[in-house]
Every structure is written in structure tokens, then in C-alpha cells.
Amino acid sequence: MKQLCYVLFFSIFMCMSLLGTVVAMGDQEQYNDYYLNISVDTTNYLIEGNESIIYYNNSNDVLNEIYFYLYANAFKELDTAPIFTYVETAYPNGFDEGHITVSVPEYNFEIKDDIFLKIELSSPLQPKESIAIAIDFVIKIPETLNRFGHYNDIIYAANCFPIASVYENGAWTLYPYTSMGDPFYSSTGNWHASINIANSYKIASTGREVEQIDKGDTTTFIFEAPMSRDFAFACSNQYEVAQKEHNDVVVQSFYLKEDLVGGLRALDISIQALDLYESIFGKYPYETLTIAETFLGGAAGMEYPQLIFVDKFYYDDAYGIFFEIIVAHEIAHQWWYAVVGNNEVTEPFIDEGLAQYSTALYFERYYEDGRDIYFESYIKEPYSKARLQGIGDIACRPLFEFASNREYYIMTYLKGPIILDTLRWYLGAEEFASALSKIYNEYMYDIISIEEFKSSLENSTNDHNIGALFDMLTKTSVFPDVAIGTATISDSEIHIVPKSTGVPLPVEVEIKFEDGTTLLLEKSLSFNISTTVLPVSYTLDPNDHLFEENETNNTGTFLYLQNNTSFTEQYKYWIMMLFGAIVAVAVIIKRRNIL
């Protein structure tokens, strides 16, 4: 095992020795390499060390500078701290500053707006070339309930290490760290981490632990995290660990001693979710999957590559539905964010909508009435109420265009899965699952945009209407509507053609007959059936599969056409009944007049 450690430090040494040296690459896209060598001071809450990066210029442009994010500096002041709850909740013992101090020994650098580190290259970096950069840093960990901070013996180090900005379309993507959503965007990289910490601490981390080195009062943990979009960890001297293997994946749950039930429950939910999502979308490509109990302060869960955080508050009700929703949702992000990436700032609909939709599939699979338990109660009903109250109702837009966190939540977490469920209904469950699996495998470790997502659906389904439906659902506030159209009876034949607004949607129909029986017809755009029993009425979408613009226009009656010989006797019966009723009324009126 020690040989692995030597390999890691040799790699760091080679990276350091190449500082400032430009190395030519092949034509194939390369992934940045990050070598993290840190010590965690658990008394003063500091992280000290360095990060060596081999940066690859995969663009067609000549680069004169490289930008990195210093997200930890967003916690310098209360006014700019990205908290998603009340101040008293985020800082129960009062505001505590967090920050990162950096130096870049071989290069001139500048820090802009606290979180953007601009490194000026000594010579231009040509396309398909790479360069080594070393960053020394000290991170001060704030006492706060958040993604990054410490509280009650848990340290959570997420979104705090220097990470390269994405260069695309001729520019660096530089977004502020706000409290709205998950304002992060990064490319896949290979992370190698050496973390030295007090002996009593256990570490829940991105990647696979390959070695522990005893150094007396401290232990150095070595982690390897290839093809990972970021690196994060949580650690505590109070953690207990439960572990199971699912196929070739080691699933671990790190929990506080008093939360044994929640720790074991999180492990079981994660394995169920892992099994389901692999069967639908594709194989989970990493060796480990880790769940860590932390203090998020207003957020329920947070996703990182091969690692999720779940807020301690929810461990108190480990068999409640919210705990299961949180874990299933965050595990889904391993497919939609960690493996298939997207710009979470400009198009948060993609990963959050897909994670919520995946959670709906989880409840459908594992509960007999799972759709009612989750999708109807926790997605459609609250979205319908919010829509009636009036809200900006366009799902696919950047974080900075949402009026509030509530609006962001409703559009991405509620409308997002409704949109995807509508596409599933339109295409059929199997075809839509196949389309998502193709997207997953095609964009593995890459970035997908909303337009690429739409194009992939079009290409994998060969349906000329799917693009128009997708645009309507994601870019407008309007949903398709299915309404009563033509419904006729002629020569024992029932013919129903619903009317659609927007893209025609297939729909189920339930027919009610005169004898009290009903018949449910499978979804279609039109219906033709033979019958010997008189139909009374019909209802479109009787099981409420669709979210429609208007759901009050789904019940209608039939038009009886001429030359209908099969129902002659029924007509005679109804005519006689009508005649009898008229006579009875006339008699009553006459008697009243006499009286």
C-alpha cells in the first residue's frame, strides 16, 4: 500500500517540477489533473496546503491567463455569505468569517471580486497544450451550517478548494457565489488528495481511499478520484461508518453515533436508488458512493461527485418520507451532475429536474402507490397551487432571472419533473428511458446544454413533434391541453377524437355506459371501438397522468348519427320515457290549475 503513496507524491513532485513548462497534448480532449496536499487543523479550524494543477487547453484559442474559483472567500462577510436560511440558523453562535488566502509562486496573479483568481501565464498557452500551476493556500473554516463550514464536531469542506473555471465560447465563465440554487459550473478532472488530520477523525470523501498512513498523532488519508467534477469531504471524530457492497460499488454511510437508525437507513435507500438508476440510465462508473451526515442549515441535501451530504435534522425521522426523498434525490445527482454535467448557473433545470424525476421513478418502483405518495402529493399539487397564486412560470432560465429562491425551487424542483414526466407520457415510458440512457452514455463526463438535450431526444426518438413539445414546456408558461373533441356513435361504432392545443398528446379515455359499466382505453390520439351497450359519456385522462393547461374540459357526451340501426330499441325506450314524463308534467300542471 505504501507504494500507492509514493506514486501520489511522485506525481506531485513531477507536477511541481514542470511548473511553467508547456507540454504538448494529443488531439483527444484531456482532463485537468488536481493534486491536493493538505493538513486539517481541527482545533483552529484551518486547512493548510497546496494544490498542483496540470491544466489542459482543450479550446481552439490561445490562452494568456487562467481563472480559478476561490469560493471560500464568499464567506468573508455576512452580507455576501451564500446562506439559504435565517442568519440565526446559519450562524447559531453569531457570524464567523471564512476565507481562503492564496499565493501562486511562479506566476503573477490577481484576485477579482474575492472569488476569481486570475493567473497570468508567462507565455501563451496554445491549443492542445498543457501547463503546470501550483497554488499555496490557507483556508479558514467558518462555524456555520452550510456546504462549507464546521459545527458540533463535524467539518465539511465543500466548494472551498481552488478549481478551474470553464473556458467556452471564447470566454471564461465567471459566476458569483450566491445563495440561489447551486451556482457552480466545472469540468471533469482527475483529483488526487492527501489529507493529514488528527487520528480520531474519519473522513467521508469524494473518491476512493487507497491508503492510511499513521504519523503518530495524525493520520494521512490518500484518496483517488478520477473523472470527478469537483472534490469535497466531511470529517468528524464522532462519525460511525456503515458499509455494504452493491455489485462492484462500495457504499458507505458516515453518521453521528446517536443517529445509528438514520445512518443505516441512508445506506439502504442509497443501494436501492443505485440499483434502480443503474437499471434505467446506465452503470454507475465509480468504485465508491458515500453518504455523510452534516449540518447544511436550511438545505436538506447536497451533491458532490461520489459523495452526498444530508442534513442532520432529517436523521431524526429516518423512516419518514422526506428523508427518503432527500437521499434518493441526491443519489440521482450522481448521474445528473456528477457524470453528465451541465451549467448549473444558466440551466439549472437540467440536473435538478432530472434528479427530481429520478426520485419519482424511485417511489414508483419501490411503493405500490408510489406515484400518489410522491409525484402527486409533493410535485403536482404544490406546483398547481403556486401556479394559481401567480409565479414566473418559465422553467429553463438562469439563476439570476428567478425572482426568489421559492420561484427557483418551484421551477426546477416541481415544474422540472412535471415537464420530464410529460415527455415520458408522450413518448412512452420505455422509449423515454432509452432516450435518457443514450444521453447518459453519450455525455458521460461531459457537459450537456438544454439545446443538446433536446437534440438528443429528437435524434433518439425520431419524433418530429418532440422538439416543439420540449420548447413549449421549458421555454413558455403554457402546457399542452387535451379537451373534448368529436365523439360519435354510428352503426355500433364509437369514434372519439380529442382536441389538442399545442402538440397533440396521446391520452387515455374512460367510457361510461348506460348499464353502469366503464371501459378504460389505452392512450392514443383517436379511438374506435365497437359496442352493443349504449355509451353515456367519456372522460379524457381519467387517471390524471397529464398536467394540462385546463383540466375542466375533459368530460363530454356523444353525438348519435343517422342510420344507427343497432340502437333503435334504445331510442324507442328513451323516446317513450320522455313522452311519459311530458304527459305526467302536463297532468300535474292541469290539476294545480283546477285547484
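Predicted model: local features only at pLDDT ≥ 70, side-chain atom pairs only at ≥ 80, totals over all residues.
Close-up 1. Y337 lies in the loop that runs between helix 4 (321–332) and helix 5 (349–366). Although Y337 is not a glycine, its phi is positive, at about 145°. Most residues other than glycine have a negative phi.

**Close-up 2. K128, a partly exposed residue with a positive phi.** K128 belongs to the loop between strand 7 (116–125) and strand 8, and the phi of this residue, which is likewise not a glycine, is positive and near 70°. With a relative accessible area of 23%, K128 is partly exposed, because that class covers the values between the 20% limit for buried and the 50% limit for exposed.

**Close-up 3. N146 and its contact with the backbone of P82.** N146 is placed in the loop between strand 8 (129–140) and strand 9 (149–151), where its relative accessible area is 0%, so that N146 counts as buried. A polar atom of the N146 side chain lies 3.1 Å from the backbone oxygen of P82.

Close-up 4. The loop between helix 6 (370–389) and helix 7 (405–427) contains R397, a residue that is buried, with a relative accessible area of 10%.

**Close-up 5. A nonpolar patch on the surface.** The patch is formed by L78, V87 and F95, which together have about 210 Å² of accessible area. One of these residues, L78, is found in the loop between strand 4 (63–69) and helix 2 (87–90).

**Close-up 6. A negative patch on the surface.** E29, E442, D446 and E452 form a negative surface patch. Among them, E442 has its place in helix 8, which covers residues 429–442. E442 is exposed, with a relative accessible area of 53%, because a value over 50% is what the exposed class requires.

Notes: Residues numbered from 1 in each chain as written. Heavy atoms only, no water. Patch = residues over 30% accessible without salt bridge, like charges linked within 9 Å, V, L, I, M, F, W, Y side chains within 5 Å. Areas by Shrake-Rupley, 256 points an atom, 1.4 Å probe, with all protein chains shown as cover. Salt bridge = Lys/Arg side-chain N within 4 Å of Asp/Glu carboxyl O. Lys, Arg positive; Asp, Glu negative; His and termini not counted. Charge placed at Lys NZ, Arg CZ, Asp CG, Glu CD. Helix = DSSP H or I, 4+ residues; strand = E, 2+ residues; numbered from the N terminus. Buried < 20%, exposed > 50% of the residue type's maximum accessible area, 1.4 Å probe, protein only. Polar contact = N/O pair within 3.5 Å; in protein donor to acceptor, adjacent residues only side chain to side chain.
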